[in-house]
Amino acid sequence: MTGKAIDPSSLFVLPEFSSTLSRELRRPEIDLLDLGMNRLDAVVATVESQRKPRAFGLATLGYGNPPGNNFLRDEFAPYYVVGAGLKWNIFGWNRTRNEKEILAVQKTILEDRKKDLSDNLKRLLDAVKAEIDGLNSLLATDIDLIALRERITAAAGSQYQNGTITATEYLIEMNAENQALLNHEIHKINLSLAMVRFMNISGQEIP
């Protein structure tokens with residue numbers, strides 16, 4: 001199943017989890033949707049900036065004959081030109097508004113996708129959390145059952161030594177104790193699997 005060679009002497013240890021489970025979603029799909037919405041916000045800001053008036057300045061320094069635009073002088077001399085301007089595209093209001101509306105619709109679609117994904121993931125987390133709570137309760141019950149089975153087996157052993165029950169009856173009680181111990185270990189494994197599913201659904205790092 002793993003595709004790896006495992007030494008027969010290897011010990012399998014269940015991972016240790018925190019006692020509190022975080023419902024924070026860290027799925028890459030949600031991060032991708034957030035990036036898409038941030039990109040649309042940046043595009044909207046760019047579209048809006050194109051509609052704003054832009055001031056600019058210019059300066060030119062040179063040396064020539066004639067100097068600059070003074071064609072009445074026939075000599076080499078330095079010159080400079082300084083100016084300022086304002087650029088404002090007063091047309092295309094409808095195009096800008098349409099672009100912003102399209103971008104707003106695209107962002108709404110991404111927001112709806114994120115909400116649907118988050119809601120589905122939270123429903124899955126609720127189901128797994130209920131399973132985890134049930135297994136924790138079952139483990140607590142297992143402890144009491146194991147203690148009870150140990151007392152029954154001890155009593156059966158004493159009865160067997162005194163000859164009041166047969167070996168078969170004693171083995172039945174011993175097997176019941178072993179089954180209770182085995183069930184307890186299976187429940188611990190199932191709890192670890194449920195914890196792994198919970199963390200996988202939420203996108204958290206599994207220890």
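Helices (H or I, at least four residues) and strands (E, at least two) are DSSP runs, numbered from the N terminus. With that noted, I looked up Ile165 and found it in the loop between helix H2 (93–161) and H3.

**Ground rules.** I am working on a predicted model, where local features need pLDDT of at least 70 and side-chain atom pairs count only at pLDDT 80 or more, while totals for chains, interfaces and linings use all residues. Residues are numbered from 1 along each chain as its sequence is written, and side-chain values use heavy atoms, leaving out hydrogens and water.

**Overall layout.** I noted 3 helices and 2 strands in the chain. From the N terminus on, I read the order as α-β-β-α-α. I see 20% of the 207 residues listed as buried, where buried means under 20% relative accessible area, exposed over 50%, and partly exposed in between (1.4 Å probe, protein chains only). The accessible surface of the chain is about 15200 Å², with 58% belonging to carbon and sulfur atoms; such areas come from the Shrake-Rupley method with a 1.4 Å probe, and for residues only the protein chains shown count as cover. I also checked contacts (heavy atoms within 4.5 Å). Of those with a separation of 6 or more, 72% join residues 24 or more positions apart.

**Back to Ile165.** Leaving out residues up to four places away in sequence, I found Ile165 touching Ala156, Gln159, Tyr160 and Tyr170.

**Helix H3.** I compared its length with what is expected (1.5 Å times one less than the number of residues). The 36 residues of H3 (residues 167–202) should span 52 Å, and the end C-alpha atoms are 52 Å apart, so the two agree. Buried residues in H3 include Glu177, His187 and Met195. I picked His184, also in H3, and found it buried at 12% relative accessibility. Setting aside neighbours within four places in sequence, His184 contacts Leu139, Asp142, Ile143 and Ile146. Just after H3, I saw Gly203 with a positive phi of about 85°.

**Cores.** I then looked for nonpolar cores, meaning sets of buried Ala, Val, Leu, Ile, Met, Phe, Trp, Tyr and Cys residues joined through side-chain atoms within 4.5 Å. The largest has 13 residues, and Val128, Ile132 and Leu191 have the most contacts inside it. H2 and H3 are the elements that give two or more residues to this core, and H2 gives the most, with 6 residues. Another core lies apart from it, with 6 residues, among them Leu33 and Val47.

**Salt bridges.** My next search was for a side-chain nitrogen of Lys or Arg within 4 Å of a carboxyl oxygen of Asp or Glu. The whole structure has 10 salt bridges. I looked up the one between Asp126 and Arg23, whose closest N and O atoms are 2.6 Å apart. Asp126 is in helix H2 and Arg23 in the segment before helix H1 (28–51), so the pair ties together parts that are 103 residues apart in sequence. What links Glu173 with Arg149? I found a salt bridge, with the closest N and O atoms 3.3 Å apart. Glu173 lies in helix H3 and Arg149 in helix H2, so this pair ties together parts that are 24 residues apart in sequence. Glu173 is partly exposed at 24% relative accessibility, and Arg149 is partly exposed at 26%.
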